[in-house]
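Subject: Structure handover

Hello,

Here is the structure for you to look at. My notes on it follow below.

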Amino acid sequence: MSLSIVCQNVSLFRRRADGSERAILKHVDATLNAGEGAMISGKTGAGKSTLLHLLAGLLRPSEGQITVAGEPVSRWNTVHRDLWRRKIGIVFQHPRFINELTVLENVILPMIPRGTSITQLRNLARQALEFFGISHLAKQNVLSLSGGEQQRVSIARAIVSRPAILIADEPTAHQDDEGAALIIEKFVGWKLPHTITIVAAHDPRWAQSGKFIDKHFLLEDGRLRKLQ
Amino acid sequence: MEDTKIIHKILSIRASFPILAWSVRDLFRYPIETILLFLSIAALVTILGTALLLSQALSATAGRLLKDSPSVVVRRVSSVGWSALPAEESIRLAKSVPGVLQAGIRIWGTANSPAGPVTVFGFDGSHGFGGLTKNVPLPKRGEAVLGAGVTTGENPDFLKLIGHTALIFKIIDQLGVKTSMVAHDMVLVHPDDAGQLLGIAEGYASDLIVDVFHETEAEAILSDLSRAFPWPVRMTTHKEAVGIYISASARRSGIVYITIIPGILALALIVAGVVKGQMVRSCNVGLFKALGWTTTNIFQMQLLKALVIGIPAVTVGMVVSYGLVFRPGSSWPGYLFFGWNHNPPPLFLNASGAFLVLIEMAVLIFLPYLAAALWPALRAAGSDPQDFLES
């Protein structure tokens, strides 16, 4: 079966301090197929990041299920979900790194448990950094970088393992026009027949580029609506 | 699902080397913390290991010391203490008791040497001291063989001893350093010299030693043996001698066990520190999982990190504690437990005793430390990455 992600009636509830439950996502239905680039937009706090985290297997839906290639990954046990996450590259809204490490070491991180030699790991990481024009930062500590540079390192880390599904949360948030154009161009380049790319953004430059978006969703009040 | 499990296992094994390299690198992210943890564990193992090794060594040494001691030692007692007993008559009377296999006399006592008191023993070759004196020449009148702990005065070829009278002996041999502490402070001389020096008249002896076929028979013949002599006697069986020695050692080694109390407190601090450090960095566990690390990978990393510090630290601690107790020339155990001020005899450790100490160290220190180090992986086992990313 070809790669596809299907959200079926997915809801997520969070418990408030007073004990009552608040719906973050309500009955989300969506289908994303291989080769597609999807964009999810919405206001701040609409639940975009939460939806991406659900798709990336970082948390489980309270109701409904997420299937990938027909497999109900949201219902798998921890061991299988751990392995499933290897097919995903994730870019967090606020870049998350191991602060004491260099850029190169942070980019290597997803590849370490995959049985690749250290030399090969370094080469792959350097290629990923070169892809985003930041190979000169390889030996610097991640904390010494600007917000835009950190975001690019985060994207390089997400693609270093050549994931089947790339999920990015506001990848152009800290970029100037030139940087944003480069990232959008790279994401367009990443759209391959066997990959799915999902971006959450309210940056209009994604829509303006007109190259990336195959499906455009709007998340409002926890409900997902397809715009395009 | 089965295929996935097999793939998971293969990946886990293949991933081990880069994870090992990463684990070492990860430790160097916090060099001061790593070094302090290493030193803390090594110091703790040294303190507790020394206490446990000493305890084991004292038991093992006591066992060796008394292994070849006679079944029963008979001493004649009087209102002023002990007194010499007539040799021939005592042997004859002892042999008349049913169950007695052999009987013999010993002439021994304490005399002063230039370096302090020593035990003088009338040596005629009949007492082997467990083979220690196998190749030692029999001293003639005026000759002496010294134990390893006995030092002479200015002239290294002669030894002056003062007891009931003063005698000067020509030294013809010295027992090796590795001989048991039974002969450590002993001077072997001709029996007649021993009697003269200690004020024991000819034909008399310090005590009588009796051997029976089996140790259990010793207690059974005590009352018959007591009745056989026309004078009051005090008898000590082999079993009693061992008990007296062990209880004396245990009383003194109890002081060492006091170190275990701060040791346990130190261990609690180390474990708490490791757990706290892991909790602070628990968001890293979320990041690792989000980036494709499995719970097994995280477990491997934590285990390797713990072992990279723990195994060398425990090894160093054990080697240091072993050296403190057993290093030739290590004087403090002898001083603490036996009062020897110089040239101490070695302690002994048997294989089962050493193994027991290793097991105790593992249970006392290594397992709590490992549990604390593996705590994040155990927590991660059933959790989603988001739980850690938010922590």
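In this predicted model, S16(B), I19(B), L20(B), W22(B), S23(B), V24(B), D26(B) and L27(B) of helix α2(B) meet N297(B), Q300(B), M301(B), L304(B), K305(B), V308(B) and I309(B) of α11(B), where contact means heavy atoms within 4.5 Å. By class, this contact of α2(B) with α11(B) has nine nonpolar, four polar and two charged residues (Ala, Val, Leu, Ile, Met, Phe, Trp, Tyr, Cys and Pro count as nonpolar, Asp, Glu, Lys and Arg as charged, and the others, Gly among them, as polar). Helix α2 covers residues 16-27 of chain B and helix α11 residues 295-326 of chain B; their axes come within 9 Å and cross at roughly 55°. Axes are lines fitted to C-alpha atoms, for helices over the stretch in contact, and angles run from 0 to 180 degrees between N-to-C directions. The angle makes α2(B) oblique to α11(B) (under 35 degrees counts as roughly parallel, over 145 as roughly antiparallel, 65 to 115 as roughly perpendicular and the rest as oblique). Helices (H or I, at least four residues) and strands (E, at least two) are DSSP runs, numbered from the N terminus.

On to chain A. Helix α5 (residues 147-159) of chain A and helix α6 (residues 177-190) of chain A pack at about 10°, with axes 12 Å apart, so α5(A) is roughly parallel to α6(A). R152(A), I155(A) and I159(A) of α5(A) make this contact with G179(A), L182(A), I183(A), F187(A) and W190(A) of α6(A).

Chain A also has an open sheet of six strands, in the order β5-β6-β7-β3-β8-β9 and with mixed pairing (two strands pair if DSSP finds at least two bridges between them). β5 (88-91) and β9 (223-226) of chain A stand at the edges with a single partner strand each, so one side of each has no neighbour in the sheet. The twist averages 20° from one strand to the next. Strand β8 (residues 215-220) of chain A runs antiparallel to β9(A), joined by four bridges; the partner of F217(A) in β9(A) is K226(A).

Seven of the eight residues of helix α1 (residues 48-55) of chain A are buried (under 20% relative accessible area; exposed is over 50%, partly exposed in between; 1.4 Å probe, protein chains only). G57(A), with a positive phi near 80°, follows α1(A).

Residues are numbered from 1 along each chain as its sequence is written, and chains are lettered from A and ligands numbered from 1 in the order written. Local features need pLDDT of at least 70, side-chain atom pairs count only at pLDDT 80 or more, and totals for chains, interfaces and linings use all residues, while side-chain values use heavy atoms, leaving out hydrogens and water.

Regards
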